[in-house]
Amino acid sequence: MVIEVDLAKEMLIEYLMEIKQIIGDGENSSLEIVDYELDKLLKNEFNLAVLGQFKRGKSTFINALLGEKLVPTAVVPLTSIVTIIKYGSKVKTTVYFLDDSEKEIAIDELEYYATERGNPGNEKKVKEIIIEHPSEFLKKGISLIDTPGIGSVYQHNTDVIYEFLPKLDAAIFLFTIDSPVAKNEYEFLKDVRDHAVKIFFVLNKIDYAEEKDVEEALNFAAEVLKEKLGDEKIKIFPISARMALEAKETGDEEKLKFSGMPELIRELEKFINEEKGSALLLSSCNTILRYLSKIKFDINLKMEAAKTPVEELGKNINVLKKKMEEIEKDKKDMLFIFEGESKELLARFNAEYEKFKNSQYPSLEKALEVYFTNSNALPLKELIEKSREYITEKTLEVIDSWKEGELKHLAGASGNITKRLAQKVEKIIVELQELTSSMFHIQYESFALIEGFKEAGYFYYNMEPEKTFLLPTPLSIAPFLPGFIARRIALNNLKEWLKQQFDRQCGRVRYDIAQRMEKTFKEYYNYLEEKITETAEGIMDSVEKALELKKSGEQNVKSLVEELEKVLKRVSEIENGIRKIKKQIEGAV
C-alpha cells in the first residue's frame, strides 16, 4: 500500500506540474490552487499540532517526543506565538518578526521570545519561531507545531490558535489525569476536528495516579468525548510525558515503555505512513478534478468563441453584457437581504444577552449570601478568599451554560443565512455558465467551486476569570470593629465584586461573539461576491479577446483553434489519469 501511495503521489505531482504550465500566468486563482496542492506534495511534510489547555504538560510532551528539554516549560501562559519545530541536522532557532526581519538565537533564549514572561503581549512583534532539530521523529517529514494553550487569561492566544487551525493536518490533544476533559474544550475540539484529518487524544500525567484511577479517568474521558463529538471510535493514549522525557535522557528503556509514549509514537508513525498520505492525495485529487472542469470550460469557451462568426459573436457579447447588468442588480438585492438578516440575528443575540444578564444576577447574589452564611465559621481572611473562589466558579458556570446554548443557536441560524446566500450566488454563477455554454454550444459541467461558511471558529469563546482584579476588604480595619460588622462589610464588598465580575465577563462574551459574527459575515459575503466577479470577468474577457482575434484574420483564428484543441485533449488525458489515481488510492484505503 505504501508503495502504491508513493507512486501515485509522483504521478500526481507530474500532472500538477503540467497543469501549471497549461494554466500559465493568466489564471491567478486556478494557479494558486495548483501551487498550493503542489507545494503540499513536494514538501512531503505535514503539520502536527500539539493542542490543549494551559498546564496540560504540552511543553514537556514536546520535549519528550524530541528526547531533550528544548521548549520552555513555562509557569505562565505562552504569548500569541506559534513555534514550528522541523527536522534539521543540528539545533537551530530562528525568530521571524512581523516586519519580515529575522534573528537567529540560542535555544536557551527561546523563553525571551515565546513566553508571556519574556515577551509580554508580544511586545517584541514576533511573527513565528522555527526550531530545527535532528530528531528521527521529525525526519519523517513532520512539522511539530507548539501552539499557545487555550484556557489562559490572554485572549490573543485563542485568536492565534484559530488563525492556525486551517493549516492543521493532524493534532495531538492533551488533557490530564487530574482534570480529564474541561467544559470549555468541547467546542474547541469540534473546531479542531473540522480541520484536522486525525486527532490523537492523550491523557497525560498518569504517573500521578493509581492504575485503577487511570482506568476510571480513561473511561470517563472516552464517554464524554463520544457524547460531545458524536464519535464512537474514540481512542485515548495514557502517558506520562515527564517519565518519557526522563527515560530518554537516561536511556532507561523499561521506564520509557512504562511511560506509554512508545505506543503513541507507533500509532503516529503508522498514521503518517499510511492514512495521512492517502487522505492528502485524495484531497488533492478531488480539488484538482474540480478545477480541471473549470479549465476545460475556459478552453472550450475560447475555442468556440473563436469559431463563431463576427456578427453572431457581437450579438452574444451584447447578451452577456445584459446578463452582467442583471447580475449587478441581483448582487445589490442579495446584499440588502443578507445585511438585514445578519443584523436581525445580531439584534436577537443582544436582546437574549440583556435578558440573560438581568435575570441571572439576583440568583447569583442570593447564592453568594447562602454560601457566605454557611461558611461563617471560617476566619475572615479565609472566608473572603473562599467566597471569591466561589463567585468566580459560579459566575463562569452560569455564563458558560448560557453561552453554550446561545452559540449553538447562533451557529445554526448563521449557517442557514449564509447557506441561502451561497445558494443564490451559486445560482447566479450557474445561470451565467449555462447561458455561455448554450450560446457557444459547450458541454456544460457545473463547477461553481464555492466553499462553505466556516462559522465554528468564530463562535468559540474561551472563558477565564479575571485574576488581577483587586477586592477591597475590611481586613485592614477588622481589628477595630466587632466581628459581625467586619463580616457584613466583607459581604457587601463581595456583592460589589460579584456585580463587577459578572458584568465584566458578560461584556467580554457579548463583545467577542458580536464582533466575530460581524467579521465572519462580512468576509464571507466578500468572498462570494469575488466568485461572481471572477466568473463574469473571465467569460467576458475570453469572448472579447475572441472578437479581437476574429478581426485580425482567419489564419490567426485557425492557428489558435488548433492549439486549443491540442491543449484540451491533453487536459482530458490528465483528467482521466487523476481519476485513475483517485480510484487506486480509494481501493488501497
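These notebook entries record what I looked up in a predicted model of one protein chain.

**Entry 1. Basis.** I note that residues are numbered from 1 along each chain as its sequence is written, and that side-chain values use heavy atoms, with hydrogens and water left out. As the model is predicted, local features need pLDDT of at least 70 and side-chain atom pairs count only at pLDDT 80 or more, while totals for chains, interfaces and linings use all residues.

**Entry 2. The chain as a whole.** I looked up the secondary structure and found 14 helices and nine strands in the protein chain. Of the 589 residues, 49% are buried; buried stands for under 20% relative accessible area, exposed for over 50%, and partly exposed for what lies in between, with a 1.4 Å probe and protein chains only. The chain exposes about 29,800 Å², and carbon and sulfur atoms supply 50% of that area. Accessible areas come from the Shrake-Rupley method with a 1.4 Å probe, and for residues only the protein chains shown count as cover. I also looked up contacts (heavy atoms within 4.5 Å). Among those between residues at least 6 apart in sequence, 83% join residues at least 24 apart.

**Entry 3. The sheet.** I traced an open sheet of nine strands with mixed pairing, in the order β4-β3-β5-β2-β6-β1-β7-β8-β9. Two strands pair if DSSP finds at least two bridges between them. At the edges stand β4 (102–105) and β9 (236–238); each has a single partner strand, so one side of each is left without a neighbour in the sheet. From one strand to the next, the twist averages 25 degrees, with axes as lines fitted to C-alpha atoms and angles running from 0 to 180 degrees between N-to-C directions. I then followed β7 (residues 170–176) and β8 (residues 198–204), which pair in the parallel sense over seven bridges. Phe-175 stands opposite Leu-203 in β8.

**Entry 4. Cysteines.** I searched the whole structure for disulfides and found zero, the criterion being a pair of cysteine sulfur atoms within 2.5 Å. Cys-285 is buried at 0% relative accessible area, and Cys-506 is buried at 2%.

**Entry 5. Positive phi.** Most residues other than glycine have a negative phi. Asp-100, not a glycine, has a positive phi of about 75 degrees; Asp-100 is in the loop between β3 (92–97) and β4 and is exposed at 65% relative accessible area. His-441 has a positive phi of about 55 degrees, lies in the loop between α12 (380–440) and α13 (483–552), and counts as exposed at 66% relative accessibility.

Conventions:
Helix = DSSP H or I, 4+ residues; strand = E, 2+ residues; numbered from the N terminus.
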